[in-house]
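Me: I'm trying to learn how to read a protein structure. Can we go through this one together, one question at a time?

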Amino acid sequence: MASISHVLNKPGDPTIGLGCMNLCHAYGTPLSETQALDALRNAFDMGYRHFDTATLYGATLNERLVGQALAPYRSEIFLASKCGMARDPELERKVIDGRPEVLRRQCEQSLGRLKTDHIDLYYLHRLDFKVPIEESVGELGRLVEEGKIGGIGLSEVSADTLRRAAAEHPIAALQSEYSLWTRNPEVATLAACCELGTAFVAFSPLGRGFLTGKLEDVSSLVEGDVRLGMPRFTEQNYPLNLARLQEALALAEQVDCTPAQLALAWLRAQGDDVLSIPGTRSVAHMRENLAASEIQLPADVVARLDDMLCEVDGDRYSEAQLKEIDTEPMPAVGG
């Protein structure tokens with residue numbers, strides 16, 4: 001069975017995976033089924049081997065697309081999905097539920113949609129504050145014993161929660177937002193991952209498009225785009241953040257790569273146990289992102305990037321979304 005270390009360390013394997021969410025979730029009008037299936041098959045053909053999806057995305061549609069597109073290549077890919085956060089069709093809203101029986105049911109359903117008998121890495125998508133993490137992880141551990149999942153992951157949790165979970169069962173990976181303009185994992189979770197032998201998987205490594213330099217005007221975002229509700233993308237804050245980005249854009253030009261590749265290469269320089277999963281709907285952008293796995297940044301460039309974009313206007317999530325996560329906040333400037 002494939003492991004996260006297989007993706008991170010096997011010679012010839014890219015250090016960049018594909019976040020599949022964007023194909024049908026959170027960024028406005030989704031691709032058609034045909035377009036999404038073509039994009040996933042193109043991703044495999046160009047060399048992607050780590051594919052990340054979730055029960056929540058597209059209200060289960062994303063898993064079905066991944067299963068349909070990639071089932072013929074199942075033995076050649078590392079497949080990750082998530083449970084514990086799903087759209088309730090009766091309530092017509094997202095629900096976080098970490099009860100053992102719910103996680104088991106969602107896993108069984110995910111296996112069917114993904115057309116496989118096992119999922120290599122299965123994350124608890126969000127901590128359910130009403131359910132002890134030990135109970136949720138304990139059930140996921142039983143799914144490991146049964147061969148239905150290869151390893152347990154956690155998403156958007158704190159270092160303390162990670163340690164409690166790891167005392168119950170080894171945690172293969174922790175996934176959280178990490179990029180040049182989101183440094184929260186540097187507060188505590190990166191160190192905890194290193195301590196516990198847990199890989200770190202960075203989602204939104206391109207700052208939800210911000211770090212590419214291509215989103216110059218937030219008024220161009222379409223209805224249904226999740227960024228419209230995020231403080232960093234407001235008409236007040238975004239121009240301030242865009243001004244801060246100019247130094248990184250100039251540096252990308254100096255080292256002869258795209259801004260997106262610079263951001264991904266910086267993450268790669270954080271260590272062999274840090275893996276990024278940029279998401280995109282564009283096959284051209286998939287190819288551009290994957291090429292970053294071949295870029296080795298000089299130490300002085302990494303050091304310069306370390307000092308860039310450390311201060312940002314606006315939280316990374318809305319107030320409602322911040323209540324759903326368990327991650328450490330960034331210390332206040334001057335605090």
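Me: Which residues in helix 3 does helix 2 meet?
Reply: Helices here are DSSP runs (H or I, at least four residues) numbered from the N terminus, and contact means heavy atoms within 4.5 Å. On the helix 2 side you've got Glu33, Ala36, Leu37, Leu40, Arg41 and Phe44. In helix 3, they meet Leu65, Val66, Gln68, Ala69 and Leu70.

Me: What kind of model is this?
Reply: Residues are numbered from 1 along each chain as its sequence is written, and side-chain values use heavy atoms, leaving out hydrogens and water. Local features need pLDDT of at least 70 and side-chain atom pairs pLDDT 80 or more, while totals for chains, interfaces and linings use all residues, as the model is predicted.

Me: How are helix 2 and helix 3 turned relative to each other?
Reply: Their axes (lines fitted to C-alpha atoms over the stretch in contact, with angles of 0 to 180 degrees between N-to-C directions) come within 9 Å and cross at roughly 55°. Angles under 35 degrees count as roughly parallel, over 145 as roughly antiparallel, 65 to 115 as roughly perpendicular and the rest as oblique. So helix 2 and helix 3 are oblique.

Me: How many nonpolar residues are in the contact of helix 6 with helix 7?
Reply: Ala159, Leu162, Arg163 and Ala166 in helix 6 meet Thr189, Ala192, Cys193, Glu195 and Leu196 in helix 7. Ala, Val, Leu, Ile, Met, Phe, Trp, Tyr, Cys and Pro count as nonpolar, Asp, Glu, Lys and Arg as charged, and the others, Gly among them, as polar. One residue of this contact is polar, two are charged, and the nonpolar ones number six.

Me: Which helix gives the most to the lining of the largest pocket?
Reply: A pocket is an open set of points on a 1 Å grid where a 1.4 Å probe fits, with protein on both sides within 12 Å along at least five of seven lines, and lining residues have an atom within 4 Å of a point. This one holds about 1100 Å³, and Met21, Asn22, Tyr27, Arg208 and Val226 are the closest to its centre out of 47 lining residues. With three residues, the top contributor is helix 10.

Me: How much space lies in the second largest pocket?
Reply: Its lining has 11 nonpolar, four polar and six charged residues. A volume is the space filled by probe spheres set on the points, joined across faces, edges and corners. Here that comes to about 430 Å³.

Definitions and conventions
Helices (H or I, at least four residues) and strands (E, at least two) are DSSP runs, numbered from the N terminus.
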